[in-house]
Amino acid sequence: MVAASTISSGKDSKPTPDGIFSVLRKTPMWRSKKYENAPMPFAQFFDPAGIAMHAGYNPGVPASHGCIRLPSAFAKKLYSVTGVGTPVYIGA
């Protein structure tokens, strides 16, 4: 484990997948093509369907469409220490 943080994961209707993944691609600023151009700073995509870890609103409950929203400072730091291929474990 590299670090731990509070998150906001996918809501029941669009859950975040769990399992072992790898970072597939990274971009310092992405805008969602599916969800009204929503900003996704420090995006690290780990699922071919476009699910990513990124900075975003973190209300303390599942609220995303599958992505993992991270506090901004944490997302920035995590982005700086990972690369494409870095393993990602998503689970309880």
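Trainee: Which residues of α1 are buried?

Mentor: This is a predicted model: local features need pLDDT of at least 70, side-chain atom pairs count only at pLDDT 80 or more, and totals for chains, interfaces and linings use all residues. Residues are numbered from 1 along each chain as its sequence is written, and side-chain values use heavy atoms, with hydrogens and water left out. Buried means under 20% relative accessible area, exposed over 50%, partly exposed in between (1.4 Å probe, protein chains only). In α1 the buried residues are F74, A75, L78 and Y79.

Trainee: Why do the buried residues of α1 line one face of the helix?

Mentor: An α-helix has 3.6 residues a turn, so residues three or four places apart point the same way. The arc is taken from the directions from the helix axis to the C-beta atoms. Seen down the axis of α1, the buried residues line one face because they fall within an arc of 135 degrees.

Trainee: Which exposed residues does the face of α1 turned away from its buried side carry?

Mentor: Helices (H or I, at least four residues) and strands (E, at least two) are DSSP runs, numbered from the N terminus. On the buried side, α1 packs against β2 (25-31), β3, β4 and β5. The face turned away carries A73, K76, K77, S80 and V81.

Trainee: How many residues has the largest nonpolar core?

Mentor: A nonpolar core is a set of buried Ala, Val, Leu, Ile, Met, Phe, Trp, Tyr and Cys residues joined through side-chain atoms within 4.5 Å. Those with the most contacts inside the largest one are M40, F46, M53, I68, L70, V88 and I90. β3 (39-45), β4 (52-55), β5 (68-70), α1 (72-81) and β6 (87-90) each supply at least two residues of this core. The core has 20 residues.

Trainee: Is H54 buried or exposed?

Mentor: H54 lies in strand β4. Contact means heavy atoms within 4.5 Å. Leaving aside neighbours within four places in sequence, H54 touches M40, P41, F42, A43, C67, I68, R69, L70 and A75. Its relative accessibility is 7%, so H54 counts as buried.

Trainee: Along β6, which side chains point to one face and are buried?

Mentor: The side chains of β6 alternate.

Trainee: The charged end of R25 sits over the ring of which residue?

Mentor: A charge sits over a ring if NZ of Lys or CZ of Arg is within 6 Å of the ring centre and within 35 degrees of the ring normal. K26 lies over the face of Y79, at 4.1 Å from the ring centre. For R25, the distance is 3.9 Å from the ring centre of F45.
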